[in-house]
Amino acid sequence: MIEVENLGKKYGNNFAVRNLNFSVKKGEILGFLGPNGAGKTTTMRILTCYLPATEGSARVAGFDVFKEGLQVRKRIGYLPENSPLYREMSVTSFLDFITRIKGVPRRKRKDRIASVLDRCKIDEVKNRLIQHLSKGYRQRVGLAAALIHDPEVLILDEPTIGLDPKQIIEIRELIKSLAGDHTVILSTHILPEVTQTCQRVVIINEGKVVAEDTFEKLQERLRKAERLSVRVKRDSSIVPQKLASIGGVVSVAPIDAAPGGYIVESTLGADVREEVARIVAQENWGLLEMKPMVMSLEDVFLKLTTEEEGIPSNQES
Amino acid sequence: MRNIWAILLRELKVYFASPIAYVFTAVFLIVSGFFFWSILQMFNTWCMQAMQYPQYAGQLNINEMVIRPLLQNMSVVFLMIIPFLTMRLFSDERRTGTDELLLTSPITMNQIILGKFFGALSVVVVMLLLTGLYPLFAFQYSSPELGPVMSGYLGLVLLAACFIPIGLLCSALTENQIVAAVLTFGCLLLLWVIGWSAESAGYMTREIIRYLSLTDHLEDLAKGVIDTKDIVFYLSFSAMGLFLTKMALESRRWR
């Protein structure tokens, strides 16, 4: 449904995103995960034809976002970050305006408005001015506007930002209920959000895709072992043997670029640093360096694993 | 067409659901009402004098002496208030981020610009229709010619159709409404007074400057002369303003 190939966007001399590749299948909910400033919003703006890409191409529902923008925009529902709305309008008149510019046929307008009012639970505020609504309601009005023409593709940029825990759960339930009929891309910088709503995850950092897989597989891949980088001054053939004999160590591999350097992999949860240091000192190899290795993906994950207050982490339904 | 209508309708809703349109109309009616009153006072004095010196009576003409100055004064008021009418049109969308909403909908840039243009123009037309009351008084107590009144109003609408695109352009250039209004006012004022510099310039330059001056083209229309030359000038000026607005908006996306 959505194919992104080598996509790049340059602001001035800096690339906000570069060589971006991923695809989304029909009916799937894709989590678009990345720390703040990773290029999530830029990517979504390109997909919704708001910004032109500097290089590469993207296709939505078979149409090129640059050459056939109008066709793409007909099929997309987009909730931008901070859901921009016309504050001086009432909810109903705002939604009526959206049906008109989205090209909903005149006969269907009333039904569509009633349907999204009900689905997003904003029926009780439908005659209020948007500027008088709370942040949670505004977010839902924005979502209603994105859903109003029943688009094939939904692009939601941080839909739960600024909501209270109860509202977050409601919005997530709503998004989950869209799977199947709609293809959804959901951007977020909150890890638990993805685990609860999305079937597949694309993780980007500094404008590049770091990983693309289901969440379970990613977790598996990440946390197989603890890794430690060690470097000694007087290297010899017995160094790897001795290190491998330490309890908990799974393998010892030399680092090609650094003479005397080894990567020590141990089982999950085992901290072998003390033992390694003791042996190196005992054998008088001269310890130059020892540090735990953090993979870039793990690094990204660390930035993403923010605690969400008030929401039970095992919230599933 | 339907999309232009949707944008236009929303703009009108904003103008008329908020105090904006009412304040504009009220101020415009009061100011032009004062002009009408003071011009009429002057005309009455002349009439009194004409009673004493009957040889001048033939020169009295309500079209030339009341309605034409009134319309010209209204065009000066346009200069002052149109920048405030157009200042929010694009800058506010940009500031609140709602341009993202419009530009990701299946409507084209042209439709958005035209919708906003006709929205602002409709407010001006409503204001002008209400000032029709003043000439109506003139018809009640005197017998002016209808033709020049109509062509004068046509000229004012065309003048507004030239002012509004300049306002749109300035509004598209900035996020700040005040900056947009001041820029618009500056541009309009320059185009207004450019004719003054014509006198001291050489022949060719003088003709070009005269042609560019927005007011010179209003003269004929206010006299009742509908010349295609003036209408073509106004329409092409307006079209160029709208085109530049489109360029300004498009170029912002590529940055």
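This is a predicted model: local features need pLDDT of at least 70, side-chain atom pairs count only at pLDDT 80 or more; totals for chains, interfaces and linings use all residues.

Visitor: Which residues of helix H4 of chain A are buried?

Guide: Within helix H4 (residues 109–119) of chain A, the buried residues are A:Arg112, A:Ile113, A:Val116 and A:Leu117. Because the arc they cover around the axis is only 130°, they lie on the same side of H4(A). The exposed A:Lys110, A:Asp111 and A:Asp118 are on the other side.

Visitor: Against which helices do the buried residues of H4(A) pack?

Guide: Their partners are helix H3 (91–101) and helix H5 (135–147) of chain A. After H4(A) comes A:Lys121, which has a positive phi, near 55°.

Visitor: How is the contact between the chains to be read, and how many residues does each chain give?

Guide: One counts the residues on each side, then asks which elements supply them. Chain A contributes 23 residues and chain B contributes 19 residues. On the side of chain A, helix H2 (69–75), strand S6 (76–79) and H3 each give two or more residues. H3(A) gives the most, with 4 residues. By class, the side of chain A that touches chain B has 14 nonpolar, 4 polar and 5 charged residues.

Visitor: What is the secondary structure of chain B?

Guide: Chain B has 12 helices and 0 strands. Of its 255 residues, 36% are buried. Its C-alpha atoms fill a box of roughly 70 × 50 × 30 Å along the principal axes. Of the contacts in chain B between residues at least 6 apart in sequence, 80% join residues at least 24 apart.

Visitor: At what angle do H8 and H9 of chain B pack?

Guide: For a helix pair, one reads the angle, the distance between the axes and the crossing. Helix H8 (residues 146–173) and helix H9 (residues 177–193) of chain B pack at about 140°, with axes 8 Å apart. The two helices are therefore oblique to each other, and H8(B) passes H9(B) in a right-handed crossing. Residues making the contact include B:Phe163 and B:Ile166 of H8(B), and B:Leu183 and B:Leu188 of H9(B). By class, this contact has 7 nonpolar, 3 polar and no charged residues.

Key:
Residues are numbered from 1 along each chain as its sequence is written. Chains are lettered from A and ligands numbered from 1 in the order in which they are written. Axes are lines fitted to C-alpha atoms, for helices over the stretch in contact, and angles run from 0 to 180 degrees between N-to-C directions. Angles under 35 degrees count as roughly parallel, over 145 as roughly antiparallel, 65 to 115 as roughly perpendicular and the rest as oblique. A crossing is left-handed if the near helix is turned anticlockwise from the far one by less than a right angle, and right-handed if clockwise. Two residues are in contact if their C-beta atoms, placed from the backbone, lie within 7 Å. Ala, Val, Leu, Ile, Met, Phe, Trp, Tyr, Cys and Pro count as nonpolar, Asp, Glu, Lys and Arg as charged, and the others, Gly among them, as polar. A residue is buried if 20 or more other C-beta atoms lie within 10 Å of its own, exposed if 12 or fewer, and partly exposed in between; C-beta atoms are placed from the backbone. The arc is that of the directions from the helix axis to the C-beta atoms.
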